[in-house]
Amino acid sequence: MKNYIKGLLILTGIVFASCEDVIDVDVNNAEPRLVIEASLDWEKGTAGNAQTIKLSMSSPYFSTDEDTSVSGATVTVTNTNSGAIFNFVDENNGSYTIDNFVPVIGDTYHLDVSYNGENYEATETLMSVSDINTITQSIEGGFDDELLEVNVYFDDPVDEENYYLIRYYEDGDLFPYFEDISDEFVNGNEIHDFFEKDDDEDNGEAAFQPGDVVDIELYGISEQYYNYMRLLIEQYYSGGDPFSSNSALIRGNCINPTNPEQYAFGYFRLTQVNVTSYTFE
C-alpha cells in the first residue's frame, strides 16, 4: 500500500510538471518619450549654486538593462526677473550640471531643453520653506500605539498660501515615503506631521526600532507642484485597492510649444529644502 501511495505521488508530480507552459504576454509599448528630471533644490545653509538636471528616454516597463540616458541636448535655465541665463554642462551620461546657479526666493525661472530637433520648456517659481522647530518620537500619536513614529513640527507663515512636501527615508528601504501638505486649514499655525512604519516583507521595510536613523527633507513647493505630487501620491498609495479609481496619465509641466503632442515626462521644480535626520532612542 505504501509503495502504491508513493508511486501515485510521483505520477501526480510528473503530471503537474508536464502541465507547466511558458506564457508570453504581449504588452503594448508606447514610443519612447523624453524624461526631464529637473529638481533644483536649494538646501538651507548652502549657496545652492551646484545643481543637476537629468535627461533620459522612457523605456518599456520590463526593460531593466537598457541605457536610456540622453546626451547631446542643450539645457538652460533663465531667471525671468533678472534675465540671468544659466547654461548647464552636458556630462555625457544623462546629467547636465552647473556650479554657478543663483537661487532667489520668489523669482520665476524658465527651463529650456533642446534635443533631437524638439524644444521643451517649463516655468516655475522658487518657493521658501520654514525652519523645522523640533523633531520628536512617540508611540501614541500614530495609527498603531505599538509602533514608533517620528514627529516633525514647523511654523506656517501668516497671511499667505503655502504648500509643503515632506520626504522620509530610512537607509535600506525600497522607496522613500512622501507627504503633501497644504496650509488651507492651518494657516499661520504650527504644523505637525508624523511618520511610522509597519513590517512589510513585500517592500523590505520594518517598523522603527531604537537606533534607527530616518532622513527627513521638508520642501517649500508651488501650488501647481503640490497638485501634481498629490495626484502621484494618491495613485501610488491606492495601488492594489479594488475600490480605487483607475489610474490616469499625470503630465508634468514640461511642454513642447511647437509640437504639443510630443511633450516630455517629468517636472521642473524649484524649492528651498530643510535636510536633517533623526535617530530613534
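# Loops, pocket and salt bridges in a predicted model

N92 is exposed, with a relative accessible area of 61% (exposed is over 50%, buried under 20% and partly exposed in between, for a 1.4 Å probe and protein chains only). The model is predicted: local features need pLDDT of at least 70 and side-chain atom pairs 80 or more, while totals for chains, interfaces and linings use all residues. Residues are numbered from 1 along each chain as its sequence is written, and side-chain values use heavy atoms, without hydrogens or water.

N92 sits in the loop between strands β4 (85–90) and β5 (95–98) (strands are DSSP E runs of at least two residues, helices H or I runs of at least four, numbered from the N terminus). The phi angle of N92 is positive, near 60°, and N92 is not glycine. Most residues other than glycine have a negative phi. D159 also has a phi near 60°. This residue, D159, belongs to the loop between β9 (149–155) and β10 (163–170), and D159 is exposed at 72% relative accessible area.

Strand β9 contains V152, which is buried with a relative accessible area of 1%. The C-alpha atoms of V152 and I191 are 8.0 Å apart, although 39 residues separate the two along the chain.

The largest pocket holds about 1,100 Å³ of space (a pocket is an open set of points on a 1 Å grid where a 1.4 Å probe fits, with protein on both sides within 12 Å along at least five of seven lines; lining residues have an atom within 4 Å of a point). Its lining has 27 residues, and E37, Y228, M229, L232 and G266 are the closest to its centre. At least two lining residues come from each of β1 (34–43), β2 (51–57), α2 (223–237) and β14 (265–279). Helix α2 gives the largest share, eight residues. By type, the lining consists of 18 nonpolar, six polar and three charged residues.

Helix α2 also includes Y237, which is partly exposed at 41% relative accessible area. Together with L174, F175 and Y236, Y237 makes a nonpolar surface patch of about 430 Å² (its residues have over 30% relative accessible area and no salt bridge, with nonpolar side chains joined within 5 Å).

There are seven salt bridges in the structure (a Lys or Arg side-chain nitrogen within 4 Å of an Asp or Glu carboxyl oxygen). D131 pairs with K44, with closest N and O atoms 2.8 Å apart. D131 is in the loop between β7 (118–125) and β8 (132–138) and K44 in the loop between β1 and β2, so this pair ties together parts 87 residues apart in sequence. R167 and E217 form a salt bridge at 3.8 Å, N to O. Here R167 of strand β10 is linked with E217 of strand β13 (residues 213–221), 50 residues away. R230 bridges to D180, and the closest N and O atoms are 2.5 Å apart. R230 is in helix α2 and D180 in strand β11 (residues 177–182), again 50 residues apart.

The table lists the accessibility of some of the paired residues.

| Residue | Relative accessible area | Class |
|---|---|---|
| D131 | 47% | partly exposed |
| K44 | 26% | partly exposed |
| E217 | 17% | buried |
| R230 | 35% | partly exposed |
| D180 | 11% | buried |

Methods: Points joined across faces, edges and corners; volume = space filled by probe spheres on them. Nonpolar A, V, L, I, M, F, W, Y, C, P; charged D, E, K, R; others polar. Patch = residues over 30% accessible without salt bridge, like charges linked within 9 Å, V, L, I, M, F, W, Y side chains within 5 Å. Areas by Shrake-Rupley, 256 points an atom, 1.4 Å probe, with all protein chains shown as cover.
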